[in-house]
Amino acid sequence: MGIAALVLGIIAFVLAVTFVLAPLGVVLAVIGLILGIVDVVKKGKTGEKKAIGMAGMILSAVMFVTLMVESFFILIAGIAVYDTVSNYDTNRITESMERAEIESFNAKFSGYEGSQTGSRVKIVLNNISISNSYNDHEIDVYYNGLMEDADTLKQKIGTTQKYTITFYKDIDGYINRAYITQNYSDTTTNNQL
């Protein structure tokens with residue numbers, strides 16, 4: 001049993017050096033420690049030499065402590081790596097979801113940017129009014145440079161007139177302002193025809 005304790009202590013030492021297999025080394029060190037203690041006690045009663053058993057017991061005990069410390073650090077390092085990877089994935093998912101939310105919000109309006117007929121401007125104003133009633137990201141509407149209420153402005157917009165709509169975004173990327181200007185050149189051309 002003393003030789004088995006010494007061999008297990010040596011194997012535990014080798015596993016301690018490899019670092020990755022430290023948890024397996026802990027098990028072997030415990031077994032070696034137990035075998036070493038049993039061998040020393042048994043040989044102590046019979047008066048035989050206990051040097052090999054004592055060496056196996058001491059080596060296994062030292063390796064047990066060393067491997068427990070190594071296993072603790074491996075566990076801490078593993079948790080740190082897991083947290084880092086987990087947070088990285090979570091952050092990427094959160095960023096993707098936020099981007100998708102912003103794009104979804106802006107898509108309701110951005111297709112109307114540029115030169116539009118009055119009827120399409122009224123659709124945009126209706127979408128803005130609905131969005132402002134339930135959404136945290138309100139859109140301010142400006143008509144010919146002056147801020148207007150979207151519902152009130154719908155009454156002023158002529159359905160056959162031409163308008164230009166320009167959207168601006170806030171720092172987070174959400175559309176937060178709509179500038180609507182009447183295209184007087186298109187009106188004059190239409191009136192002359």
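This is a predicted model: local features need pLDDT of at least 70, side-chain atom pairs count only at pLDDT 80 or more; totals for chains, interfaces and linings use all residues.
**Entry 1, Ser129**

I wanted its surroundings next. Buried or exposed, then, for Ser129? The cut-off for buried is under 20% relative accessible area. Ser129 comes out at 18% relative accessibility, so I put it down as buried. I then listed its contacts, skipping residues up to four places away in sequence, and found that Ser129 touches Ala150 and Asp151.

I stepped back to the overall layout. The protein has six helices and five strands. Reading from the N terminus, I get the element order α-α-α-β-α-β-β-α-β-β-α.

Then the dimensions. I have the C-alpha trace spanning about 125 × 25 × 20 Å along its principal axes. What radius of gyration would a compact globule of 193 residues have? That would be near 16 Å, but I find 39 Å for the protein.

I also checked burial and surface. Of the 193 residues, 31% count as buried.

I took helix 2, residues 22–46, as a check on helix geometry. With 25 residues at 1.5 Å a residue, helix 2 should span 36 Å, and its end C-alpha atoms are 36 Å apart, so the two agree.

Which residues of helix 2 are buried? My list reads Ala22, Gly25, Val26, Leu28, Ala29, Gly32, Gly36, Asp39, Val40 and Lys43. I kept the helix repeat in mind while reading that list: an α-helix has 3.6 residues a turn, so residues three or four places apart point the same way. Just after helix 2, I found Gly47 with a positive phi of about 85°.

In what order do the five strands of the open sheet lie? I wrote down 1-4-5-2-3, with mixed pairing. Strand 1 (114–117) and strand 3 are the edge strands, each pairing on one side only. From one strand to the next, the twist averages 35°. Helix 4 packs on this sheet, where I see it touching strand 1, strand 2, strand 4 (162–169) and strand 5. The direction of helix 4 makes about 100° with that of strand 1.

I went through the partners of strand 2, residues 140–143. Its pairing with strand 5, residues 175–182, is parallel and runs over four bridges. Within that pairing, I have Val141 opposite Ala178 of strand 5. Tyr142 faces another tyrosine there, standing opposite Tyr179 in strand 5.

How many bridges join strand 2 to strand 3? I count three, and strand 3 (residues 146–148) runs antiparallel to strand 2. Leu146 in strand 3 is the bridge partner of Tyr143. The hairpin of strand 2 and strand 3 has two residues between the strands, and in this hairpin I noted Asn144 with a positive phi near 50°.

How values were computed. Residues are numbered from 1 along each chain as its sequence is written. Side-chain values use heavy atoms; hydrogens and water are left out. Two strands pair if DSSP finds at least two bridges between them. Buried means under 20% relative accessible area, exposed over 50%, partly exposed in between (1.4 Å probe, protein chains only). Contact means heavy atoms within 4.5 Å. The expected span of a helix is 1.5 Å times one less than its number of residues. The radius of gyration is taken over C-alpha atoms; the globule rule is 2.2 Å times the number of residues to the power 0.38. Axes are lines fitted to C-alpha atoms, for helices over the stretch in contact, and angles run from 0 to 180 degrees between N-to-C directions.
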